[in-house]
Structure formats: C-alpha cells, structure tokens
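Reader: Could you walk me through this one? I would like the overall layout and then the packing and the pockets.

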Amino acid sequence: PLPVVLVLHNAEYQGSISTQHMGRREARHLADVFNLPPERIRKETFIEGKFCMLKPIVDYAKKYQRGYGICAVSRNYALEASLKH
C-alpha cells in the first residue's frame, strides 16, 4: 500500500457534505462520479448519513499504517479528535 500523511484541522467539517441526509439515491450518484460501486460509497464514505471524503483516508491509515501518518495541528486538537473518533 502507498504510504500517506494526513494533517487534520477542524476534521468535523473537512470533507463532509451535510446539506441533507445521504441515502441510496445519493450513493448511486456519487458512485457514478467516482466510478465505484454504490455499496462501496455507502460503506466507506458515509458517516451518520453524511458523505465524508476524509473517512476513507483515515480508515486506510488506520488499517495499513496502524494509525501512523495521521497528525493534527496541535496536541489539544489531537486529543480532542482522538476522543471523538
């Protein structure tokens, strides 16, 4: 796997689209945009009905890098983010 580095700053808002609840119809549309199966879009990018582009890279770093490569802009923010996620 390709090594990645991700710097988080205000992760609650980065990469998320929360204008509406995302369902199957929206998953099909995003699947067309990204040329991926709709179920993969739903499984890997939806959090509590919201589409989040950060979720796949965070999951990837956790799976393939044991969480290494994810950092935050400060110690306080790192602690806050680790408690929430």
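Author: What follows goes from the overall layout to one helix, the cores and a pocket. This is a predicted model, in which local features need pLDDT of at least 70, side-chain atom pairs count only at pLDDT 80 or more, and totals for chains, interfaces and linings use all residues. Residues are numbered from 1 along each chain as its sequence is written, and side-chain values use heavy atoms, with hydrogens and water left out.

Reader: Fine, so how many helices and strands does the protein have?

Author: The protein has four helices and five strands, taken as DSSP runs numbered from the N terminus (helices H or I, at least four residues; strands E, at least two). From the N terminus on, the order is β-β-α-α-β-β-α-β-α.

Reader: And which residues of α1 are buried?

Author: E26, A27, L30 and A31 are the buried ones, where buried means under 20% relative accessible area and exposed over 50%, with partly exposed in between (1.4 Å probe, protein chains only). These residues lie on the same side of α1, because they cover an arc of only 140° around the axis, the arc being that of the directions from the helix axis to the C-beta atoms. The face turned away from that side carries the exposed residues R25, H29 and D32.

Reader: What covers the buried residues of α1?

Author: The cover includes α2, β3 (46-47) and β4 (50-52).

Reader: Which residues make up the largest nonpolar core?

Author: Seven residues do: M22, A27, L30, A31, I41, F46 and F51. Such a core is a set of buried Ala, Val, Leu, Ile, Met, Phe, Trp, Tyr and Cys residues joined through side-chain atoms within 4.5 Å. Helix α1 (residues 24-34) gives the most to this core, with three residues.

Reader: What does I41 touch?

Author: Leaving out residues up to four places away in sequence, I41 touches A27, L30, A31, F34, L36 and F46, a contact being heavy atoms within 4.5 Å.

Reader: Switching topic, what lines the second largest pocket?

Author: F34, L36, R40, I41, E44, T45, F51 and P56 line that pocket, and helix α2 (residues 38-45) gives the most to the lining, with four residues. On a 1 Å grid over the protein atoms alone, a pocket is an open set of points where a 1.4 Å probe fits, with protein on both sides within 12 Å along at least five of seven lines, and lining residues have an atom within 4 Å of a point.
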